[in-house]
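Dear colleague,

I am handing over a structure for your study. Please look through the sequence and the model below before reading the notes that follow.

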Amino acid sequence: MKIVHISDIHINAEPILDLDPVENFRKCLAHVEEYQPDADRIVITGDLTHHGLAESYRLLKEMLAGTSLTGDRAPRLLIGNHDRRETFAAAFPDAKRDRDGFIQWSEETPAGVFIYMDTVEPGTHAGAYCEKRRGWLEGELDDARREGKPAFLFMHHNPTTVHVANADQIGIRDETELKALLARYRETVRHIFFGHCHFSLSGTVTGIPFSAPRSTNHPCWPDFSGNPLRMGHGALQPNYNVCFLGADDVIVHAIDFLDADKVRWEETTEEGWIPEGPDTEPRVPTR
């Protein structure tokens, strides 16, 4: 199964850090449409808008409606700390909620159960996964384990400390409790996908692999100084991830979509030689 993982699009009428989030997301969507037409799912893990404004959600809805991404390929939208739960729900009234009103749900897919989580806590950029939400997740994971199906988790906030102070100070406040829950389902949860940090990440939490793409608008540079007020940003390449979910593996590729025009394509023969043209000698590949 092939999925596209996008995060932190921050739709906003005004530039953010001198970058245009609307134009960058348009280019991201166009790249996905052209180069990932066979993607089975597209998931955007939060910070859909920059200020949680109704007009930003309307713009996002219009942008998505103007694409070929419909049906199963219509992006699954999670909320992040820059979003407002009720404003989002007003713009997307079909958004699924759990019994307590959180924007979280699950769906069956050919690869297993996809579980979409709501880690938003109003009034703070830090995440939360309270007792009610953990109870819902535990029920979903119990069902998956009982049915012998692998589970894949999608969330906005990083589920564990990433050793970058400005990210960790707004990580999930219930990290200890969430990790204890995840540890009990280590054999069921195959992979965790998240965003929030704005830089590429991979690793494990309680033995469960995870990955995160950069923001589509303003990627960050990880800083290990320990200063929670220090954030690195600049003319860095945004990206999205293309992920292949197999029976025994998960493969994640980072796609720097703004670099697409720089790529030169050549074809390699079975002997490993790359022909330069009809009147030129072939040359040995560089890899």
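Is Ala 89 buried or exposed? Ala 89 is buried, because its relative accessible area is 13%, and buried means under 20% relative accessible area, while exposed means over 50% and partly exposed lies in between (1.4 Å probe, protein chains only). Ala 89 belongs to helix α3, residues 85–91. Here helices (H or I, at least four residues) and strands (E, at least two) are DSSP runs, numbered from the N terminus. Between Ala 89 and Ile 79 there are 9.9 Å in space, C-alpha to C-alpha, and the two are ten residues apart in sequence.

Some conventions apply throughout. The model is predicted, so that local features need pLDDT of at least 70 and side-chain atom pairs count only at pLDDT 80 or more, whereas totals for chains, interfaces and linings use all residues. Residues are numbered from 1 along each chain as its sequence is written, and side-chain values use heavy atoms, with hydrogens and water left out.

Strands of a sheet pair through backbone hydrogen bonds, either parallel or antiparallel. In this account, two strands pair if DSSP finds at least two bridges between them.

As for burial, β5 is mostly covered, with five of its five residues buried.

Helices by the sheet

Axes are lines fitted to C-alpha atoms, for helices over the stretch in contact, and angles run from 0 to 180 degrees between N-to-C directions. The axes of α4 and helix α6 (residues 175–184) come within 11 Å and cross at roughly 10 degrees. In α4, Arg 134, Leu 137, Glu 138, Leu 141 and Arg 145 meet Glu 177, Leu 178, Leu 181 and Arg 184 of α6, where contact means heavy atoms within 4.5 Å.

Aromatic rings

A pair of aromatic rings is described by the distance of the centres and the angle of the planes. Rings of Phe, Tyr and Trp (its six-membered ring) pair if their centres lie within 6.5 Å; planes under 30 degrees apart count as stacked, over 60 as edge-to-face and the rest as tilted. By this rule there are ten aromatic pairs. One of them is the edge-to-face pair of Phe 114 and Phe 152, at 5.7 Å centre to centre and 70 degrees between the planes. This pair links distant parts of the chain, since Phe 114 in strand β5 and Phe 152 in strand β6 are 38 residues apart. Phe 114 and Phe 154 have ring centres 5.1 Å apart and planes at 50 degrees, so this pair is tilted. Phe 154 also lies in strand β6, 40 residues from Phe 114.

One aromatic cluster is formed by Trp 105, Phe 114, Tyr 116, Phe 152, Phe 154 and Phe 193.

Strand β12 and its partners

Of the six residues of strand β12 (residues 240–245), five are buried, so the strand is largely enclosed by the rest of the structure. Strand β1 (residues 2–6) runs antiparallel to β12 and is joined to it by four bridges, with Val 4 opposite Val 242. Strand β13 (residues 250–255) pairs with β12 in the antiparallel sense over six bridges, and Val 242 stands opposite His 253 in β13. A hairpin of four residues joins β12 to β13.

Yours sincerely
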